[in-house]
Amino acid sequence: MTDTTRLAAGDTAPLFTLTDQDGASVSLADYAGSKVVVYFYPAAMTPGCTKQACDFRDNLGSLASAGYQVLGVSKDTPGKLKSFQEHDAVNFPLLSDTDLDVHRAYGAWGEKNLYGKIVTGVLRSTFVIDEAGLVQLALYNVKATGHVASLRKKLGIDA
């Protein structure tokens, strides 16, 4: 039914190529030799996902100064991602994974408790990938609010 494979620190990050909000292909391989934060969120232009994207947006400078680039991944179409980017001035690539292959490869799709009911869907997750393509941090079921501050603390970036 659902793929429950979870990534852990030290695992090789699954490679992917997805379409961004502008219709361009973006591959994890494009970031080889760089540190990358890849985060999965349920749906563009919803309150929690907007809060999280804006939090990454507002902290992009300090993350970039520490050598990190950010990629957001959702099951939304590139058109919806473009609207999200424009509406909320998102300043990093938003990637479309409509077939959920990348979500599954990262363990970001599965069963979750939503208002007391078990449903299958996107697990809000964040992965920090190092220059060698290895997972440095694998964080599952993160909260939209306060997540970037928590991530910065885990990465040793002063908040």
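Me: What volume does the largest pocket have, and how should I read the word "pocket"?
Reply: A pocket is an open set of points on a 1 Å grid over the protein atoms alone, with protein on both sides within 12 Å along at least five of seven lines. In this predicted model, the largest pocket has a volume of about 390 Å³. That volume is the space filled by probe spheres set on the points, which are joined across faces, edges and corners.

Me: Which residues are closest to its centre?
Reply: Lining residues have an atom within 4 Å of a point. Here 15 residues line the largest pocket, and Pro-42, Lys-112, Leu-114, Arg-124 and Val-142 are the closest to its centre. Strands E6 (109–114) and E7 (117–122) are the elements that give two or more residues to this lining, and E7 has the largest share, with four. Strands are DSSP runs of E, at least two residues long, and helices are runs of H or I, at least four, numbered from the N terminus.

Me: Where does Asn-141 lie, and what is its phi?
Reply: Most residues other than glycine have a negative phi. Asn-141, though not a glycine, has a positive phi of about 55 degrees. You will find Asn-141 in the loop between strand E9 (135–139) and helix H4 (147–154).

Me: Why does Asn-141 count as partly exposed?
Reply: Because its relative accessibility is 44%, and partly exposed lies between buried (under 20% relative accessible area) and exposed (over 50%), with a 1.4 Å probe and protein chains only.

Me: What should I keep in mind about the numbers and the model?
Reply: Residues are numbered from 1 along each chain as its sequence is written, and side-chain values use heavy atoms, leaving out hydrogens and water. As the model is predicted, local features need pLDDT of at least 70 and side-chain atom pairs count only at pLDDT 80 or more, while totals for chains, interfaces and linings use all residues.

Key. 1 Å grid on protein atoms, 1.4 Å probe; cavity = no way out; pocket = protein on both sides within 12 Å on 5 of 7 lines; lining within 4 Å.
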